[in-house]
Each structure stands twice: as C-alpha cells, then as structure tokens.
Number of protein chains: 2
Amino acid sequence: MPRFAIIGHKASTSPDFSLNDMPGGAGRIDIMCRCINTSFFLSHDLRHDVECFLILKGGEQTKTLRFSGDTIRSLNPDERSGGALIKKGLSKPAGEEFVKAADGIHIRSAGLEKLLGEYSFAVLDENGTDIRNAEMLPANFILSDHMNFTEEENELIKDLPKYSVGPRVLHADHTITVLLNEFDRRQNK
Amino acid sequence: MPRFAIIGHKASTSPDFSLNDMPGGAGRIDIMCRCINTSFFLSHDLRHDVECFLILKGGEQTKTLRFSGDTIRSLNPDERSGGALIKKGLSKPAGEEFVKAADGIHIRSAGLEKLLGEYSFAVLDENGTDIRNAEMLPANFILSDHMNFTEEENELIKDLPKYSVGPRVLHADHTITVLLNEFDRRQNK
C-alpha cells in the first residue's frame with residue numbers, strides 16, 4: 001500500500017481556519033489539500049489502496065491526520081472540499097493514538113518521529129536514485145510542503161533511502177502524481 | 001514549447017462566478033485552476049516555456065483563455081488564485097482574435113476548431129501509444145475535463161495521434177504532470 005506523509009511546517013492544527021484563506025492564515029493548508037487530491041483521485045474512481053498522512057506543525061502540538069483510501073467518504077477533488085475534510089479531522093480532540101474523526105479520517109497528537117517508528121519510509125531528494133531506475137520501489141514516501149525539511153527533521157530522516165522523480169524538483173502534490181504513475185506501471189507489469 | 005488545451009464543457013465564460021463555488025456554479029472551473037497549476041509550477045519556479053489554453057464552453061459563445069508561462073504574473077498555486085486569474089481573463093471583452101486581459105493572459109471568442117487550425121495537437125486516449133514508448137513526444141496535447149469529448153469534438157480530433165500516460169486513466173491536471181515529467185526527462189538527456 002503506497003503511503004505518503006507530507007509535512008506542513010506552518011499548517012494549522014486548529015479547525016478554525018478560513019476556507020477562503022488557506023494559503024495565508026491556515027499556513028499553506030492548500031498544499032495539504034492538493035496532496036490529498038493527488039493521493040486519491042483517478043478518473044471517475046478513487047485509489048482505495050493509498051494512505052496519506054498530513055503532519056501539521058503550525059500549532060503548539062504537532063498533529064497528524066491520516067486519510068485512508070479504503071474508507072474515505074465525501075472526498076471531492078477541489079481544494080475547498082479537501083480543506084473542509086481537514087477541518088472536520090481537526091475538530092476531533094487528538095490524543096496519543098489515532099482516533100476516528102470521520103469515515104477514513106483519523107487524528108492523533110504526534111508527528112514525524114512516531115510515524116517513522118511505524119513504517120519504513122523513503123524521502124524525495126533531487127540527488128536520490130531515479131524512481132525509474134529503482135529495482136524495487138519503496139512503498140512509503142515522506143515529502144515536505146513549500147519549505148525545506150528542518151534541521152530536526154533532517155536528523156530523523158538522514159539515513160532513509162533517497163529517491164528522485166526526475167531532473168526537476170516538483171511540488172509535493174505533483175511528486176505524488178509522478179510516484180503513483182510509476183506504481184501503476186509496475187503493478188501493471 | 002509544450003501546449004496543453006483543456007476543454008471545460010460546462011465552465012463559465014462569464015467572470016461572475018463565485019470563488020467559493022467553482023465546482024458548482026462555475027461549471028467545474030476548479031478543474032481549469034488545477035490544470036493551470038500543474039502546467040506552470042515547479043518547486044520555487046515557473047515553467048516559462050509552457051502555454052495552457054482553457055476552452056470554456058459553459059456559455060452562449062465558447063471562449064478560449066491562453067495562459068503563457070513566459071509572461072504570466074501573480075500566479076499562485078492555490079485554486080482560488082487560479083480562479084481569480086480566470087475571472088480577470090474573462091472580464092476582458094473577447095473578439096475573434098486574442099486580446100490581452102492581463103500579463104500572460106489572453107482571451108478570444110473561439111474554441112477547439114480554431115485552435116486545431118493553429119497547432120498540431122495529440123490527444124490522450126487510454127488505448128493510445130504509451131508516452132514512454134513514443135520515439136518523439138508531441139509538443140501539444142488536448143485534454144478534457146470530467147466529461148468525455150462530445151460527438152462534435154470527437155469528429156474534430158478523430159484523426160489526431162493518440163497517446164496514453166500509463167495503465168490508469170487520470171484527471172486532466174494529473175495527466176499534465178505526468179506529461180511534463182516525461183518532457184523534463186527527454187530534455188535532460
């Protein structure tokens with residue numbers, strides 16, 4: 001099952017953001033919305049075998065939202081709809097372990113370190129192995145929003161395998177699209 | 001120069017739509033916004049060598065907006081910003097030939113047929129040649145929004161070369177991302 005974890009360095013951990021100002025007041029929640037879109041949407045279908053983790057760091061306590069393709073409901077491709085689902089997820093009080101906030105949406109108060117203890121992740125790096133040349137493609141990838149990984153994050157991920165999606169550095173959501181296209185092609189062989 | 005033309009079958013040709021209801025009242029203008037995003041955005045850069053044509057058919061008279069990467073200004077990746085630029089483009093009265101509505105944005109009252117007379121296009125088709133196997137990649141692609149090509153459109157494009165981006169059918173914006181990744185790789189060789 002492909003899993004994508006996207007770090008939103010300034011992304012709101014409170015549901016009180018405005019859907020009309022997601023790039024501003026919500027700390028680039030718009031990037032998170034686009035990553036949900038590219039993780040799940042096919043033409044007239046959803047990718048039921050994908051999980052998408054949003055690691056939201058724009059609050060006192062980091063929160064992680066998990067979106068699961070097998071159980072998600074009411075997901076529409078536009079950013080406002082994605083933002084509305086994120087608000088719904090953030091409305092549920094978060095504890096140490098994942099609790100259900102809505103169908104296919106779970107929340108907990110934890111961040112990257114906990115997630116790294118649960119799954120084997122790879123990271124995107126322009127100097128990494130080209131995914132087309134990888135003998136086996138890793139299932140799980142960590143991506144960053146518009147900001148670079150912090151020093152602390154770099155320390156956590158420094159030993160993870162590094163991959164690139166091509167000669168140009170892409171937005172996180174576009175990177176997910178290219179990764180899933182490579183998954184699709186390998187599954188189809 | 002890669003060119004993408006996306007047909008918005010119900011997309012508003014009037015600037016009077018609400019940025020809060022782009023999937024509904026505006027006739028899926030949200031899809032057009034995402035196609036602008038994926039046509040132009042790189043990480044911390046724009047693709048200056050791309051043109052994106054939005055063929056908007058949700059009005060009495062079809063209108064075409066041309067977005068040019070070499071001159072576009074004030075482009076932000078979120079859907080609302082894309083929608084605001086589309087509104088700006090549509091605010092300019094449209095005649096038979098392209099007139100400038102804003103930096104990098106031109107408008108005219110015409111549709112697919114006129115555009116086909118100006119450039120050689122290819123179309124996306126799940127049974128087409130896989131882009132990875134194409135000896136030469138066409139520069140220009142026509143895509144559709146959430147609806148299939150109409151009978152009239154199919155008649156216009158029936159003899160165009162057909163390509164596929166892989167084993168699964170993707171949204172138009174995701175298709176553009178995969179196409180540009182293939183362009184990037186070929187340019188880099």
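Modeller: Start with a rule for this predicted model. Two strands pair if DSSP finds at least two bridges between them. Now take Leu124(B). Its bridge partner in β10(B) is Tyr163(B).

Biologist: What makes β8(B) and β10(B) a pair?

Modeller: They share four bridges, and at least two are needed, so they count as paired. The sense is parallel.

Biologist: How do you know that β8 of chain B also pairs with β9(B), and in which sense?

Modeller: Strand β8 covers residues 122–130 of chain B, and two bridges join it to β9(B). Two is at least two, so the pair passes. The sense is parallel. In β9(B), Val123(B) has Ile142(B) as its bridge partner.

Biologist: What stands opposite Ala5(B)?

Modeller: Ile142(B) in β9(B) does. Strand β1 (residues 3–12) and strand β9 (residues 140–144) of chain B run parallel and are joined by five bridges.

Biologist: In what order do the strands of the chain B sheet lie?

Modeller: The order is β6-β7-β5-β4-β1-β9-β8-β10 in an open sheet of eight strands, with mixed pairing.

Biologist: Why are β6 and β10 of chain B called edge strands?

Modeller: Each pairs on one side only. β6 spans 99–102 and β10 spans 162–164. On average, neighbouring strands of this sheet are turned by 40 degrees against each other, direction ignored.

Biologist: Which helix lies across β1, β4 and β5 of chain B?

Modeller: Helix α1 (residues 29–40) of chain B does. It runs at about 175 degrees to β4(B).

Biologist: Turn to chain A. What order does its open sheet have?

Modeller: Eight strands, in the order β6-β7-β5-β4-β1-β9-β8-β10, with mixed pairing. β6 (99–102) and β10 (162–164) of chain A stand at the edges with a single partner each, so one side of each has no neighbour in the sheet.

Biologist: What makes β5 and β7 of chain A a pair, and in which sense do they run?

Modeller: Four bridges join β5 (residues 63–68) to β7 (residues 105–108), and at least two are required, so they pair. They run antiparallel. Thr64(A) stands opposite Arg108(A) in β7(A).

Biologist: Now the interface. How many residues of chain A are in contact with chain B?

Modeller: 37 residues of chain A are in contact with 37 residues of chain B. The area buried between the chains is about 3400 Å², and carbon and sulfur atoms give 50% of that. Arg132(A), Arg168(A) and Arg185(A) supply 20% of the area that chain A buries against chain B, more than any other three residues.

Biologist: Why is the contact between Arg168(B) and Asp184(A) called a salt bridge?

Modeller: Their closest N and O atoms are 3.9 Å apart, and the cut-off is 4 Å, so the pair qualifies. The count between chain A and chain B is six salt bridges. There are also 21 residue pairs in polar contact.

Biologist: Which element gives the largest share of the side of chain A that touches chain B?

Modeller: α5(A), with eight residues. By class, that side of chain A has eleven nonpolar, twelve polar and 14 charged residues.

Technical notes: Residues are numbered from 1 along each chain as its sequence is written. Chains are lettered from A and ligands numbered from 1 in the order in which they are written. This is a predicted model: local features need pLDDT of at least 70, side-chain atom pairs count only at pLDDT 80 or more; totals for chains, interfaces and linings use all residues. Side-chain values use heavy atoms; hydrogens and water are left out. Contact means heavy atoms within 4.5 Å. Buried area is the accessible area (1.4 Å probe) that two parts lose on being put together, summed over both. A salt bridge is a side-chain nitrogen of Lys or Arg within 4 Å of a carboxyl oxygen of Asp or Glu. A polar contact is a pair of N or O atoms within 3.5 Å; within protein, one must be able to donate a hydrogen and the other to accept it, and residues adjacent in sequence count only if both atoms are side-chain atoms. Ala, Val, Leu, Ile, Met, Phe, Trp, Tyr, Cys and Pro count as nonpolar, Asp, Glu, Lys and Arg as charged, and the others, Gly among them, as polar. Axes are lines fitted to C-alpha atoms, for helices over the stretch in contact, and angles run from 0 to 180 degrees between N-to-C directions.
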